[in-house]
Amino acid sequence: MLLHLLMKPTTFIKTAELVELKPKKYLLCVEESNAHIERNSFNSTGAAYAFALTRYSLPKHLINFYPLEDYESF
């Protein structure tokens, strides 16, 4: 079992984006190097940043944030 864990390929984060979909509704999208994308929704930016830090060791400054005004303009 330990050998299997040691042989597991290393993945890293390619992109991390936090998008405000509507007031008090945020979507965190994290894309890993193995093309896996994980999406999680939150009710606050603080909760999303805390999740990213604990789950992926991603500090806030490495996450691209798109506020509602910018997202609606796409």
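In what order do the four strands of the open sheet stand? In this predicted model, the order is S3-S2-S1-S4, and the pairing is mixed. Strands S3, residues 37–42, and S4, residues 64–66, stand at the edges with a single partner strand each, so one side of each has no neighbour in the sheet. On average, neighbouring strands are turned by 15° against each other, direction ignored.

Within this sheet, I draw your attention to the pairing of S1 with S4. The two strands run in the parallel sense and are joined over three bridges. Leu18 is found opposite Phe65 of S4. Helix H2 packs on the sheet and touches S1, S2, S3 and S4; the direction of H2 makes about 145° with that of S3.

I turn now to the nonpolar core. The largest one comprises 12 residues, among them Leu18, Tyr26, Val30, Phe42, Tyr49, Leu58 and Ile63. At least two core residues come from each of strand S1 (13–22), strand S2 (25–32) and helix H2 (45–56). H2 makes the greatest contribution, with four residues. For Leu58, the contacts beyond its neighbours within four places in sequence are Ile13, Ala16, Ala52, Leu53 and Ile63.

Next, the charged side chains. How many salt bridges does the structure hold? There are two. In one of them, the side chains of Glu31 and Lys14 meet at 3.7 Å, N to O. Because Glu31 lies in strand S2 and Lys14 in strand S1, this pair ties together parts that are 17 residues apart in sequence. Glu31 has 22% relative accessibility and therefore counts as partly exposed.

Glu38 and Arg55 also form a salt bridge through their side chains, at 3.1 Å, N to O. This pair links strand S3, where Glu38 lies, to helix H2, which holds Arg55, across 17 residues. Is Glu38 buried or exposed? Its relative accessible area is 13%, so Glu38 is buried. Arg55, at 48% relative accessibility, counts as partly exposed.

Finally, I would point to Glu32, which is located in strand S2. Glu32 is buried, yet has no salt bridge. What surrounds Glu32, apart from its neighbours within four places in sequence? The contacts are Thr11, Phe12, Ile13, Lys14 and Tyr56. Of these residues, Lys14 is the salt-bridge partner of Glu31, and Tyr56 belongs to the largest nonpolar core.

Note on methods. Residues numbered from 1 in each chain as written. Predicted model: local features only at pLDDT ≥ 70, side-chain atom pairs only at ≥ 80, totals over all residues. Heavy atoms only, no water. Core = buried A, V, L, I, M, F, W, Y, C linked by side-chain atoms within 4.5 Å. Buried < 20%, exposed > 50% of the residue type's maximum accessible area, 1.4 Å probe, protein only. Contact = heavy atoms within 4.5 Å. Lys, Arg positive; Asp, Glu negative; His and termini not counted. Salt bridge = Lys/Arg side-chain N within 4 Å of Asp/Glu carboxyl O. Pairing = 2+ DSSP bridges. Axes fitted to C-alpha atoms, helices over the stretch in contact; angles between N-to-C directions.
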